[in-house]
Amino acid sequence: MSDEPNRGLQSPLRRKLLMGAAALPLVSILPRPSFGAGPATATVNTTGLAVTDTEVTVGILHSATGTMAISETGSIQAEKLAIEQINAAGGVLGRKIKFIQEDGASDWPTFAEKAKKLLVNDKVAAIMGCWTSASRKAVLPVMEQYNGMLYYPTFYEGLEQSKNVIYTGQEATQQILAGLNWIAKEKGAKSFFFIGSDYIWPRTSNKIARKHVENVLKGKVVGEEYYALGSTQFNSVINKIKLTKPDVIFTDVVGGSNVAFYKQLKAAGVDLSKQALLTISVTEDEIDGIGGENIAGAYACMKYFQSLDNANNKTFVPAFKKLWGEKTVIGDVTQAAYLGPWLWKLTVEKAGSFDIDKIAAASAGVEFKDAPEGYVRIHQNHHLWSKTRVGRAKLDGQFELIFETADLIEPDPFPKGYQ
Amino acid sequence: MFGDYSIGDLGSIFVMQGFAGLILFSVYVLMALGLAIIFGQMGVINMAHGEFMILGAYVTWMTSNAFQHYLPSLFSGYFFLAMLLAFLVSGALGMLVEWVLIRHLYKRPLDTLLATWGLSLILQQTYRSVFGAREVGVELPQWMLGSLKVTDSIEVPINGVFVMGLTVLITVVVSYVLYKSRWGRQVRAVVQNRIMAGAVGINTEKVDRYTFGLGCGIAGVAGSAFTMIGSTGPTSGQLYIVDTFLVVVFGGAASLLGTIASAFSISQTQSTLEFFTSGSMAKVLTLLAVVGILMLRPQGLFALKVRK
């Protein structure tokens, strides 16, 4: 009993010290912008979102555990970096961004459940999240029912458009067509061998690629093969490739299969400096696992490479590495995830409101000039105008930029003649 | 599909395809051996088998890093040491797991399924926390990459030859240990009648622990070897577990010969079908065939003749 008052004094003091210690790194790195100078909450938030005079809450919804954590970790890191930078620059409408991170655990029903939790319980003003198409499809009805706003970072198969989603990655035609045109012109390629993992994205992408090869490039698809997700044995299909001798191997194999495929391709004596290979699924992230020596010489077709030589990217890459470690690499999707918070901030400021309906309406035409990939603009259909680039994998796991389209390519999620 | 090719071309493709089948066969045997010992000899359904393999892969990765840092001159030989370490580390973890978890469940074999499944989740998350969620790339010495040119048109992957050699070696050692050595006799005695084995003076607990450790150790070596052909990440073990169980169950659980025969028939069917149809179709047809045969022979291809 006698030392009760003593303890009463100690405990809050200790807590304060701990709080101070926890805040120290942030305080010391960031200049402290003052929050709370923005327009009144009642005018910018008429639908009861989690917005106060000084703070606004957003959700981050990715898989931090389970099989997709391999890919989604980079997206989480990019989104946190963007939020930190926005806060350092004064926040959104004078409010500091606070985030609630939920784990989709690589399980699609969990994604839907967590999205509902973020929208209904936490009333978040926007969600940065999802990675696979399956998780997006699971979350989409929730976003539409509870009127949320999702910023989705992955390149995907298209055939979708929603008021409640902004797609910051490329849809399939945007990503694929320019790459095929380039390789047909540059390498005189006429025959193509498609190999992909067996699910919706590779199948839809290859369907689009096949139409383009056959109808536009007047070439021939000499093989089209799919392997179950997670498959690790590719020797038979590699023999088939050797037999058909295609000008180009076009691949959209994903995940662990990727590693097996390139290792076995190399072991089978296929020399990627002589045999052209165009992939739409291997970013710098995947090369980490594949090993640069197994894939050097392959071409990848997407919108961003870590090695891009422009002023925005030169500030983005060091900032990312400073926060997440010198050894981390930045792939296409990671960059697209970085765009999410920024596009949301710009849209909110354009609309002068956090209301979902007003953001959805104001999105079209929002441009982000500091994007690491260069410059992007949101299209009427909620996808981004962006350039498509072809890079060549090097031994050190980076890509060397070989080609980029002269203009931004219009997103076309429902391509006519390709379905 | 073969109209446009010369006989020579076709011949070499068939040779290479036959070789692809043999490689697949070795891979299946290698990944199933450890499980065949644990499941076949002890009746434990080890769902964490894949995670023991990946432990071996991570050990290989760490060894490779250590050699690059401290002994770059010996890098070309590190793989042999890595496999040995993988065996020891996975085997030691296996013995620990047997002592903590499995030995309490020998009377409830179905519960081992749940317990080891839980163990596999714990191990996956441990790998993720320790090594990171991203896949790691295991760097191999130069001589293990690429292919051997047998003739102008026939090329054989070196890592495939390596896996085949390793499989033969391990199979020979394991069958010697199980069928010729004194310890192997004890293992089989415990399997057939635990109480009687105990009564004649066999330390059944010790036999169980070493058997489980041996199975896990072999899984570790398999995982180490598979860094040459597959990925190394926290959940990569899941890629192997289905095929592994398929091979062991199809072969008849208690028989080493059955495991080998089953690995051979599944791999040859699969790789032939993959060549003539497509990847997903081959999988469907192979699984259908396995299901059909198991309906006719529920005990698998080879079963021990035991008086019930």
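1. **Size of chain A.** Chain A has 419 residues, and a compact globule of that length would have a radius of gyration near 22 Å. The value for chain A is 23 Å, which agrees. The radius of gyration is taken over C-alpha atoms, and the globule rule is 2.2 Å times the number of residues to the power 0.38. Along its principal axes, the C-alpha trace of chain A spans about 85 × 50 × 40 Å.

2. **What kind of model this is.** The model is predicted: local features need pLDDT of at least 70, side-chain atom pairs count only at pLDDT 80 or more, and totals for chains, interfaces and linings use all residues. Residues are numbered from 1 along each chain as its sequence is written, while chains are lettered from A and ligands numbered from 1 in the order in which they are written.

3. **Inside chain A.** Chain A has 14 helices and 15 strands. These are DSSP runs, numbered from the N terminus: helices are H or I with at least four residues, strands are E with at least two. Buried residues make up 53% of the 419 residues. A residue is buried if 20 or more other C-beta atoms lie within 10 Å of its own, exposed if 12 or fewer, and partly exposed in between; C-beta atoms are placed from the backbone. Now take the contacts in chain A with a separation of 6 or more: residues 24 or more positions apart account for 72% of them. Two residues are in contact if their C-beta atoms, placed from the backbone, lie within 7 Å.

4. **The open sheet.** Seven strands of chain A form an open sheet in the order 7-6-8-9-10-14-15, with mixed pairing. Two strands pair if DSSP finds at least two bridges between them. Strand 7 (220-227) and strand 15 (399-404) of chain A are the edge strands, each pairing on one side only. Neighbouring strands of the sheet are turned by 25° against each other on average, direction ignored. Axes are lines fitted to C-alpha atoms, for helices over the stretch in contact, and angles run from 0 to 180 degrees between N-to-C directions.

5. Strand 10 (residues 299-302) and strand 14 (residues 389-393) of chain A run antiparallel, joined by four bridges. In strand 14 of chain A, Gly391(A) is the bridge partner of Ala300(A). Helix 8 (residues 235-244) of chain A packs on the sheet. This helix touches strand 6 (191-197), strand 7 and strand 8 (248-252) of chain A, and its direction makes about 175° with that of strand 7.

6. **Two positive phi values.** Leu159(A) is not a glycine, yet its phi is positive, about 60°. Leu159(A) lies in the loop between strand 4 (150-152) and strand 5 (165-167) of chain A. It counts as partly exposed because it has 15 C-beta neighbours inside 10 Å. Lys245(A), also a residue other than glycine, has a positive phi near 45°. Lys245(A) sits in the loop between helix 8 and strand 8 of chain A. With 12 C-beta neighbours inside 10 Å, Lys245(A) counts as exposed.

7. **Chain B overall.** Chain B has eleven helices and two strands. With 308 residues, a compact globule would have a radius of gyration near 19 Å; chain B has 20 Å, which agrees. Its C-alpha atoms fill a box of roughly 70 × 55 × 35 Å along the principal axes. Buried residues make up 49% of the chain.

8. **Where the chains meet.** The contact takes 35 residues from chain A and 38 residues from chain B. On the side of chain B, helix 1 gives the largest share, six residues. Gly146(B) touches Lys266(A), Ala267(A), Gly269(A) and Ile158(B), not counting residues up to four places away in sequence. Gly146(B) is found in the loop between helix 4 and strand 1 (147-149) of chain B.

9. **Helix 9 of chain B.** This helix has 14 residues and reaches 21 Å from its first C-alpha to its last, close to the 20 Å expected at 1.5 Å a residue. The expected span is 1.5 Å times one less than the number of residues. Helix 9 of chain B is mostly covered, with ten of its 14 residues buried. Those buried residues pack against helix 9 (256-267) of chain A, together with helix 1, helix 2 (49-70), helix 10 and helix 11 of chain B. After helix 9 of chain B comes Gly252(B), with a positive phi near 95°.
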